[in-house]
Amino acid sequence: MSNIEQSIDVAVPVRTAYNQWTQFEEFPRFMEGVEQVRQIDDTHLHWHTKVAGREKEFDAEITEQTPDQRIAWTSTEGAEHAGVVTFHRTGEDETRVMVQLDVEPDGLAEKAGDALGLVQQRVKGDLERFKELIEGRGTESGAWRGEVDQTATH
């Protein structure tokens, strides 16, 4: 299992950055290799990706979501991974977006790419594209302000 941590500062308020991140179906606009994300309900997502020339599909569940603070998830079927993205106010119109990701590379090509730091670079590039998207737009394309706390039910 590889542990990846990346962050980026964006020139928008926390609420704007968080609201945009909740628009999961727009992830292909800034995440390399993500072909489609379909939100099934408030806590379940179906992903279609293309990594190292291989198409993959998997399901993920949002396990924790606190508006303007954090979104945590884990895969439930398919590619094994889990992660959290947190949002930190660094100024009136500035936010630090931090991603922590645990991924299990699958197959020789993914394991080689992981060993070369390609997964880390991909996450960094995704965050840079998120910054361009949200700063270029200046406002979020939508928002979901609900809370999820799966830990309370397990």
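Predicted model: local features only at pLDDT ≥ 70, side-chain atom pairs only at ≥ 80, totals over all residues.
I started with Trp-21, which counts as buried because its relative accessibility is 5%. Buried here means under 20% relative accessible area, exposed over 50%, and partly exposed in between, with a 1.4 Å probe and protein chains only.

Residues are numbered from 1 along each chain as its sequence is written, and side-chain values use heavy atoms, with hydrogens and water left out.

Next I looked up the ring partners of Trp-21. Rings of Phe, Tyr and Trp (its six-membered ring) pair if their centres lie within 6.5 Å; planes under 30 degrees apart are stacked, over 60 edge-to-face, and the rest tilted. I found 10 aromatic pairs in the structure. Trp-21 and Phe-27 make an edge-to-face pair, because their centres sit 5.5 Å apart with the planes at 65°. Phe-27 is buried too, since its relative accessibility is 3%.

Trp-21 also pairs edge-to-face with Phe-130, at 4.9 Å centre to centre and 65° between the planes. That pair links distant parts of the chain, as Trp-21 is in helix 1 and Phe-130 in helix 3, 109 residues apart. (Helices are DSSP runs of H or I, at least four residues, and strands are runs of E, at least two, numbered from the N terminus.) Both Trp-21 and Phe-130 are buried.

Then I zoomed out to the aromatic cluster: Trp-21, Phe-27 and Phe-130 are in it, and other members include Tyr-18 and Trp-47.

Last, I checked helix 1 (residues 14-21): 7 of its 8 residues are buried.
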